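Please keep the sequence and the model at hand while reading.

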Amino acid sequence: MDSFEITKIAGAVLSALLLIFGTKTLIETTSHHGPEKPGYVLPVAEAKAAEAPASDKKDAGGEAKTAEAAAAPAAAGGADAVALLGKASADNGKSIFAKCKSCHTAEKGKPNGVGPNLHGIVDRPKGSAEGFKYSEGMLAKGGKWTFEELSAFLTNPKAFVAGTKMVFAGLPAAADRADLIAYLASQADTPVPLPK
Ligand code: HEC
C-alpha cells in the first residue's frame, strides 16, 4: 500500500513537471520562429513602411522619411552612368566588381551564390538565372536589364526593386557604375555594344 502511494505521488509530480516543461518548450518553439533570413525580411518591412500613408508615419517616421527623401533623387534614373559608358573602363569595373563577389559570379557557367550568376546580364530577362530563387519584387519587375535599368538598380537596389533580396546599399558615383556596367557587359558570349 505504501509503495503504491509513493508511486502515485511520484506519478503526479512527474506529470506536473512534464506539463510545465512541455508547455515551456511548446511556447519556446512556437515563439522562436524568428526570420530565417534577416536580410530578406528587412527590405520587405521597409518597403511596406514606405507604402504606408504619410499620415501614419508623421510621428514615428519623421527622420526615416528625411533619409528616404535624401536618397530618392539618385535612385530615380540611371541615365547619369549611361552617358559615361562610352568612356567607361571595364578594367576598373572589374576591380569595383570586388564589392559584388561575395554574392555574385559573372563568368559563364559559374554557380549562383547568395545572388544569381550575372553572365550576360545586359539584355537578359530580369530574374532569369536558372535555379535561383528571386524575390517576388524582382520577378514582378519584368522585362530585360537595359544599361539604364542596371544603372538605376545599382544606384539604390531597393528603391528600384521594392522588396529585393539584394542587400547592397548601392553605388552613388555614376563613374563607378559606368565602369562596373562596362565590365558586366564584357562578361557575355556576345557582348551588347556600349552606347557611345
Ligand atoms: C549581399 C549580397 C549581394 C551583393 C553584395 C550584391 N548582390 Fe546583386 N543580388 C543579390 C541577390 C540576393 C539578388 C537577387 C535579388 C532579388 O531576387 O530581389 C541580386 C540580384 C542582382 C541583379 C539582378 C540579376 C537578375 O538575374 O535579374 C544584378 C544585376 C545584380 N544583383 C548586380 C550586382 C552588382 C553589380 C553588385 C556589386 C556592385 C551586387 N549585385 C552586389 C545579392 C547581392
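Helix 7 (147–155) and helix 9 (174–186) each contribute at least two residues to the shell around the ligand, and helix 7 gives the most, with three residues. Helices here are DSSP runs of H or I with at least four residues, numbered from the N terminus. The model is predicted, so local features need pLDDT of at least 70 and side-chain atom pairs count only at pLDDT 80 or more, while totals for chains, interfaces and linings use all residues. Residues are numbered from 1 along each chain as its sequence is written, and side-chain values use heavy atoms, with hydrogens and water left out.

Of the 28 residues around the ligand, those that come nearest are C100, C103, H104, Y134 and M166; a residue is near a molecule if one of its heavy atoms lies within 4 Å of it. By class, the shell has 18 nonpolar, six polar and four charged residues.

The iron atom of the ligand is coordinated by H104 through NE2 and by M166 through SD, at 1.9 to 2.1 Å. Donors are N, O and S atoms within 2.8 Å of the metal (3.2 Å for Na, K and Ca). H104 lies in the loop between helix 5 (90–96) and helix 6 (136–141), and M166 in the loop between helix 8 (157–160) and helix 9, so the pair ties together parts that are 62 residues apart in sequence.

An N or O atom in the side chain of Y134 is 2.6 Å from a ligand oxygen, a polar side-chain atom of S135 lies 2.6 Å from one, and for T164 the distance is 2.7 Å.

Technical notes. Polar contact = N/O pair within 3.5 Å; in protein donor to acceptor, adjacent residues only side chain to side chain. Nonpolar A, V, L, I, M, F, W, Y, C, P; charged D, E, K, R; others polar.
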